[in-house]
Amino acid sequence: MSRNFPSDFLWGSATASYQIEGAAAEGGRTPSIWDTYSHTPGRTLNGDTGDVADDHYHRWQDDFALMTQLGLQAYRFSISWSRVQPGGAGPVNPEGIAFYRGLVDALIEAGIQPVVTLYHWDLPQELEDAGGWPNRATAYAFADYARLVARELGDKVTVWTTLNEPWCAAYLGYASGVHAPGRTEPAAALAAVHHLNLGHGLAAKAIREELGEQAQVSITLNLHVTRADDPSSSADRDAVRRIDAVGNRIFLGPLLGEGYPADLVADVAHVSDFSFVQDGDEELIAQRLDVLGVNYYSTSRVRAFDGDGEPEQADGHGDSAATPWVGSEGTVEFLQQPGPYTAMGWNIEPQGLYDLLMSLSASYPSMPMMMTENGAAFPDVVSDDGAVHDHDRISYLHDHIDAVGQAKDDGADVRGYFVWSLMDNFEWSFGYERRFGVIRVDYDTLERTIKDSGWWYASLIESGQLPSADPLADAVAPGR
Ligand code: FCB
């Protein structure tokens with residue numbers, strides 16, 4: 001029996017500005033931390049940068065046509081802060097905002113709902129020069145930018161996602177340094193978390209001041225599904241608790257009105273005294289959330305580190321001598337998960353997605369959720385017929401969408417699903433080598449080809465029924 005989804009379940013795909021746009025120095029755009037970082041030798045695989053990326057800035061109409069071909073009902077994209085507000089301060093850049101306005105108008109006209117992310121990691125370099133996210137002023141600058149975009153696009157856009165994965169922005173950017181700006185300062189990373197949270201609250205407030213209470217505000221988190229290596233060991237269970245605190249509850253707590261968890265503050269006391277939290281901040285952060293964005297890729301397994309040798313760090317978040325798990329250095333080790341794996345080395349475990357949605361639903365029963373990212377990188381091959389028969393990706397998507405459907409049937413209020421990604425793109429430190437798209441991009445010619453997974457996804461959207469993942473099934477009709 002194939003699984004059915006209700007007709008109001010929203011099907012979309014997602015991208016992010018720096019990963020697809022290119023045109024890095026055009027239309028008045030100034031550099032972001034990702035321009036600086038990717039241009040720093042040794043930071044990205046093969047020295048890849050987002051200078052050209054998918055050249056979406058110039059080819060967006062072609063990409064929009066592909067979205068209509070897939071039958072997308074929604075498109076989640078992010079706005080480049082330094083394109084619409086060069087330097088991160090001052091008035092709107094008319095050329096920058098015109099680009100997004102054109103896209104939004106076209107989407108609305110085609111009946112594709114635009115879901116805007118305001119911040120997907122590309123902080124204007126000037127704001128980093130002034131201290132970046134560890135600096136409180138950045139939160140206020142972000143709210144100012146959010147207000148400006150709301151004013152410009154608020155007649156068309158109803159759902160506003162403030163931040164994408166603040167965990168990555170704070171900890172990969174400021175603790176382990178495998179993302180821009182590449183700093184390895186654990187205390188600064190905790191301050192960055194707080195200022196991202198605060199920036200979210202201030203931005204949500206600014207958006208509603210501009211657009212009224214009907215403006216829908218969300219935030220997208222990458223919550224960590226962490227298993228204890230030995231569930232019967234209280235030390236391993238405590239390792240899970242620590243990772244849950246510094247990885248998940250440090251965001252969920254303040255966002256959902258519960259403040260920062262006391263166990264977290266105790267765990268990281270040797271790193272920071274949390275004095276960056278000022279009176280009233282927690283109330284500011286806890287603005288009404290209309291929907292919680294959930295990104296999910298894989299799970300991790302931890303155990304209490306016994307102090308013997310070097311702790312294993314197979315957390316899937318890049319190679320760095322510095323850990324992103326602030327406060328847990330020397331306490332928790334991340335063990336290699338059993339496979340199968342994607343090309344990122346991430347283990348494939350759809351059950352983790354089911355467990356995550358069910359646990360969120362148990363903790364926050366009245367909070368609607370949206371799967372804002374899920375997908376997989378695989379080493380795609382172009383066949384002689386020009387098609388990409390990416391059955392490994394189809395199978396990954398099938399099993400994860402099935403898990404979403406099961407969670408929904410079991411009571412989780414999940415409203416939609418966005419596949420990561422619409423097309424192959426600049427995968428941060430991994431450059432162009434890791435391909436997540438349901439559309440292939442040939443980086444020599446920039447030509448786009450819908451992969452079998454794209455056709456498979458189109459048939460799911462059209463029917464609302466989960467097609468078989470079997471390569472021989474009729475659902476996959478390449479080139480139709
Ligand atoms: C997420 C990011 C997204 C993409 C996927 C693979 O963490 O939000 O930009 O890189 O991972």
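Predicted model: local features only at pLDDT ≥ 70, side-chain atom pairs only at ≥ 80, totals over all residues.

I started with the shell around the ligand: its residues divide into five nonpolar, three polar and three charged. For the classes, I count Ala, Val, Leu, Ile, Met, Phe, Trp, Tyr, Cys and Pro as nonpolar, Asp, Glu, Lys and Arg as charged, and the others, Gly among them, as polar.

Residues are numbered from 1 along each chain as its sequence is written, and side-chain values use heavy atoms, with hydrogens and water left out.

**Ligand site**

Which residues are around the ligand? I listed Gln19, His120, Trp121, Asn164, Glu165, Tyr297, Glu373, Trp420, Glu427, Trp428 and Phe436; a residue goes on the list if one of its heavy atoms lies within 4 Å of the molecule.

Next I looked up polar contacts (a pair of N or O atoms within 3.5 Å; within protein, one must be able to donate a hydrogen and the other to accept it, and residues adjacent in sequence count only if both atoms are side-chain atoms). Glu427 puts a polar side-chain atom 2.7 Å from a ligand oxygen. For Gln19, a side-chain N or O atom is 2.8 Å from an oxygen atom of the ligand, and for Trp428 the corresponding distance is 2.9 Å. The protein covers 95% of the 290 Å² of accessible area that the ligand has on its own; the areas are Shrake-Rupley with a 1.4 Å probe, and for residues only the protein chains shown count as cover.

The space taken by the ligand is the largest pocket. A pocket here is an open set of points on a 1 Å grid over the protein atoms alone, where a 1.4 Å probe fits, with protein on both sides within 12 Å along at least five of seven lines. A molecule sits in one if more than half of its atoms lie within 2 Å of its grid points.

Most residues other than glycine have a negative phi, and most peptide bonds are trans. I went looking for exceptions.

Trp121, from the ligand list, has a positive phi of about 85°. Trp121 is in the loop between strand E3 (113–119) and helix H6 (125–129); helices (H or I, at least four residues) and strands (E, at least two) are DSSP runs, numbered from the N terminus. Buried or exposed? Trp121 counts as buried at 7% relative accessibility, where buried means under 20%.

Ala53 also has a positive phi, about 45°. I found Ala53 in the loop between H2 and helix H3 (56–70), buried at 5%.

Where are the cis bonds? One joins Trp420 and Ser421, with omega about 10°; Ser421 lies in the loop between strand E11 (414–420) and strand E12 (439–441). Another runs from Gly339 to Pro340, omega near 0°, and Pro340 is in the loop between strand E9 (332–335) and helix H13 (350–363).

**Buried side chains**

Arg29 sits in the loop between helix H1 (17–20) and helix H2 (33–38). Arg29 is buried, with a relative accessible area of 7%, and its side chain reaches the backbone oxygen of Ala24 at 3.0 Å.

Thr323 is buried at 16%, and its side chain reaches the backbone nitrogen of Trp325 at 2.9 Å.

Definitions and conventions: 1 Å grid on protein atoms, 1.4 Å probe; cavity = no way out; pocket = protein on both sides within 12 Å on 5 of 7 lines; lining within 4 Å. Buried < 20%, exposed > 50% of the residue type's maximum accessible area, 1.4 Å probe, protein only.
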